[in-house]
Amino acid sequence: MLNIILCGAPGSGKGTQSEFIVANYGLEHLSTGDLLRHEIASQSPLGQKVDSIISKGQLVPDDIMMELIGNYIDNLPATAKGVIFDGFPRTVNQAEQLDLLLEHKHQEAHVIDLFVEEDELIERLLNRGKTSGRADDNLETIQKRLEVFHQQTKPVCAYYSEKGKYHAVEGMGTIEDISHRINDIIAAL
Ligand code: AP5
Ligand code: MG
């Protein structure tokens, strides 16, 4: 099994690069942001609970996220070759709990961290916001998401780095060039 955690700030290209990894390696793609937006669109009880949290650019509580992830991992098809975790874990607590879930299944995950300059992140997200319909693609919420990323998600990188499972990637440049850089890392795993 090949489990990859795509880490990186909002707008760093996690969703974009996940599509290439799925195409090249046939992994399952779990975007927690997409999953939560699906819950909001269907107006499920969970969706109603998380709607205003996401609109404000804050993180959904860890207990809610872990229940979602636990269910997802338990329901993976037996034929799954591995998972791309896109946007999860986002706190050290989530990372510790994910590791326990994976260890239980004799598996592990490696982090690929996409580095993009802040001006570029904001430009990409404002640009996407023209058509995305996402409640969080506006300047005020983008800035909040970046602040939350630095405070709560960056420490996840140090956590995996100490375990020797951390790989930084230059996330500036063309989508194709970045995809090649990611492929080089995955090929070496
Ligand atoms: P989530 O949906 O994960 O949003 P995010 O992390 O803010 O990231 P984005 O989806 O905005 O960006 P991306 O890195 O996927 O970039 P993309 O490929 O789209 O999470 C949303 C919210 O859900 C969170 O704020 C939180 O509230 C909640 N949530 C989710 N997971 C959670 C968790 N684990 N715990 C708690 N809460 C959670 O690219 C961006 C744009 O740039 C696109 O338009 C793309 O076309 C363009 N682009 C991509 N690459 C390039 C390039 N190389 N050059 C130019 N443009 C590019
Ligand atoms: Mg995304």
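Biologist: Let's start with R145: buried or exposed?

Modeller: R145 counts as buried, because its relative accessibility is 10% and the cut-off for buried is under 20%. Keep in mind that this is a predicted model.

Biologist: Which residue forms a salt bridge with R145?

Modeller: That would be D137, with the closest N and O atoms 3.3 Å apart. D137 is buried too, with a relative accessible area of 7%.

Biologist: Where is D136?

Modeller: D136 sits in the loop between α6 and α7, the latter spanning residues 139-162. D136 is classed as buried because its relative accessibility is 6%. The D136 and R134 side chains also count as making a polar contact, again at 3.0 Å.

Biologist: What about K144, which residue is its salt bridge partner?

Modeller: K144 pairs with E147, and their closest N and O atoms are 3.4 Å apart. Both of these residues belong to helix α7, where they are three residues apart, about one turn of the helix. K144 is partly exposed at 27% relative accessibility, and E147 is partly exposed at 39%.

Biologist: Which residues do salt bridges with shared partners join into one network?

Modeller: The network is made up of R128, R134, D136, D137 and R145.

Biologist: New topic: which residues form the negative surface patch?

Modeller: E117, E118, D119, E123 and E170 make up that patch.

Biologist: Which helix gives the most to it?

Modeller: Helix α6, residues 118-132, gives the most, with three residues. E170 is found in strand β5, residues 166-170. At 42% relative accessibility, E170 counts as partly exposed.

Biologist: Okay, on to the backbone. Which residues does a cis peptide bond join?

Modeller: F88 and P89 are joined by one, and omega there is about -5°. You can find P89 in the loop between β3 (83-86) and α5 (92-104).

Biologist: What is the phi of Q43?

Modeller: Q43 has a positive phi of about 55°, although it is not a glycine. Look for Q43 in the loop between α2 (32-41) and α3 (45-55). Q43 counts as exposed because its relative accessible area is 59%.

Biologist: And H106, what is its phi?

Modeller: For H106 phi is positive as well, about 55°, and H106 is not a glycine either. This residue is in the loop between α5 and β4 (109-115). H106 is exposed, with 76% relative accessibility.

Biologist: Last one: where does K165 lie?

Modeller: K165 is in the loop between α7 and β5. Its relative accessible area is 17%, so K165 is buried.

Biologist: How many residues apart in sequence are K165 and L98?

Modeller: They are 67 residues apart in sequence, and C-alpha to C-alpha they are 14 Å apart in space.

Notes:
Residues are numbered from 1 along each chain as its sequence is written. Chains are lettered from A and ligands numbered from 1 in the order in which they are written. This is a predicted model: local features need pLDDT of at least 70, side-chain atom pairs count only at pLDDT 80 or more; totals for chains, interfaces and linings use all residues. Side-chain values use heavy atoms; hydrogens and water are left out. Patches are made of residues with over 30% relative accessible area and no salt bridge: like charges are joined within 9 Å, nonpolar side chains (Val, Leu, Ile, Met, Phe, Trp, Tyr) within 5 Å. Accessible areas come from the Shrake-Rupley method with a 1.4 Å probe; for residues, only the protein chains shown count as cover. A salt bridge is a side-chain nitrogen of Lys or Arg within 4 Å of a carboxyl oxygen of Asp or Glu. Lys and Arg count as positive and Asp and Glu as negative; His and the chain ends are not counted. The place of a charge is taken as NZ of Lys, CZ of Arg, CG of Asp or CD of Glu. Helices (H or I, at least four residues) and strands (E, at least two) are DSSP runs, numbered from the N terminus. Buried means under 20% relative accessible area, exposed over 50%, partly exposed in between (1.4 Å probe, protein chains only). A polar contact is a pair of N or O atoms within 3.5 Å; within protein, one must be able to donate a hydrogen and the other to accept it, and residues adjacent in sequence count only if both atoms are side-chain atoms.
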